[in-house]
Amino acid sequence: MAESKKWVLMVTAQTPTNIAVIKYWGKRDESLILPINDSISVTLDPEHLCTTTTVAVSPDFDQDRMWLNGKEISLAGGRYQRCLRELRSRASDVEDEKKGIKVTKKDWENLHVHIASYNNFPTAAGLASSAAGFACLVFSLAKLMNVQDDQGKLSAIARQGSGSACRSLYGGFVRWIMGQHADGSDSVAVQIADEKHWNDLVIIIAVVSSRQKETSSTTGMRDSVETSMLIQHRAKEVVPKRIVQMEEAIKNRDFSSFAHLSCADSNQFHAVCLDTCPPIFYMNDTSHRIIGCVEKWNRSEEAPQVAYTFDAGPNAVLIARNRNAAALMLQRLLFHFPPKSDADLSSYVVGDKSILQDAGIKDIKDVEALPPPPEIKDNIPAQKYKGEVSYFICTRPGRGPVILTDESQALLSSETGFPK
């Protein structure tokens, strides 16, 4: 190892989050994070929802340290330690000829790393921030340490940080295979199709609450596995059939089947939560109103226009069959859930704002002028719920992790290896 002068080696990566359309809920092994069923997810465009992580190594670092969204957090937890241990054991020689640095495989055992991570969306609010976070941690450290494993093997390491993180190592549509081995070696993610395969889809996320949830996913899952009769039936009888059907729907771009399966699986997941003792309430009244709005519209059309799915939180993820359906959905959402009077439209609808243009909405006046959706019966007054949604994110299926080579995007200083 080069000892002549101080040095810092760094890698910065960006990793997307994902939303499950066939849900992962329940573990058969808590420490290795092995699930009781397969799951399928859609990777979201990292332009709108992602984690950026910079990792650095230097002989001057005296311990492993991490900063999340600017605040230092402890790496003492078992999940972080497992990921770091797995990656160090797979590290290879690294050479930077420009800087005159050589790190051997053996050196990695004694070197410490600094990690800085930033989510461009709320942490722990049911938007899978831990999935993007652990996927990015593993992906960036694997590059820094010159780990030679393929994405599938890396997904098995990321899984040990956060289960759904394994699915964020790929873009497009991803299946997490539960596996059978006790050591979890076959519990890995595989890509069903990339993001270009079905690029008609448009995704609108209604952020109902960006607060941290009352029951963490980890606690909720444990309680469900221990107390719910429905979860056993779901894992053994229901999910295996749905996995096959959902893979077919994705491969054939069959939106009717995709929508039916997504909505049914989301509803069954939340039914399991209610069947848990004590019951878990992740959705709230606003979540239920959004479901009502989508169901009414879908039933009034010849075929489903929008699918909905909710993870462990109240936020709705709405997947529209195409841009036209997304624009019509956004009109309905803005009619029922207008912003607070003092809100600015540009911060109420974020992400891909071209969907707003497609919906013919330029400012708050256009929102106020929206007519009630035609599927609302004349004898029932149309309800409005001002301020119940914090904001909307318009996005689409997106790519997997990438390395960022522009040093200005790094979160750590290349001189010191500490946050900028």
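Me: Which residues is Leu334 in contact with, leaving aside its neighbours within four places in sequence?
Reply: This is a predicted model. In it, Leu334 is in contact with Tyr348, Val349, Leu356, Ile361, Val367, Leu370 and Phe392.

Me: And which residues have the most contacts inside the largest nonpolar core?
Reply: Phe258, Leu334 and Phe392. That core has 71 residues.

Me: Which helix gives the most to this core?
Reply: Helix α8, residues 323-336, with eight residues.

Me: What does a second, separate core include?
Reply: Among its 54 residues are Trp25, Ile33, Cys166 and Met221. In soluble globular proteins, nonpolar side chains tend to be buried together.

Me: Switching to α1. Which residues are buried there?
Reply: Tyr80, Arg82, Cys83, Leu84, Leu87 and Arg88.

Me: Now the whole chain. How many helices and strands?
Reply: Eleven helices and 19 strands. The radius of gyration is 22 Å, close to the 22 Å from the globule rule for 420 residues, so the chain is as compact as a globular protein of that length.

Me: How much of the chain do buried residues make up?
Reply: 56% of the 420 residues. The chain exposes about 18,200 Å², with carbon and sulfur atoms supplying 49% of that.

Conventions
Residues are numbered from 1 along each chain as its sequence is written. This is a predicted model: local features need pLDDT of at least 70, side-chain atom pairs count only at pLDDT 80 or more; totals for chains, interfaces and linings use all residues. Side-chain values use heavy atoms; hydrogens and water are left out. Buried means under 20% relative accessible area, exposed over 50%, partly exposed in between (1.4 Å probe, protein chains only). Helices (H or I, at least four residues) and strands (E, at least two) are DSSP runs, numbered from the N terminus. A nonpolar core is a set of buried Ala, Val, Leu, Ile, Met, Phe, Trp, Tyr and Cys residues joined through side-chain atoms within 4.5 Å. Contact means heavy atoms within 4.5 Å. The radius of gyration is taken over C-alpha atoms; the globule rule is 2.2 Å times the number of residues to the power 0.38. Accessible areas come from the Shrake-Rupley method with a 1.4 Å probe; for residues, only the protein chains shown count as cover.
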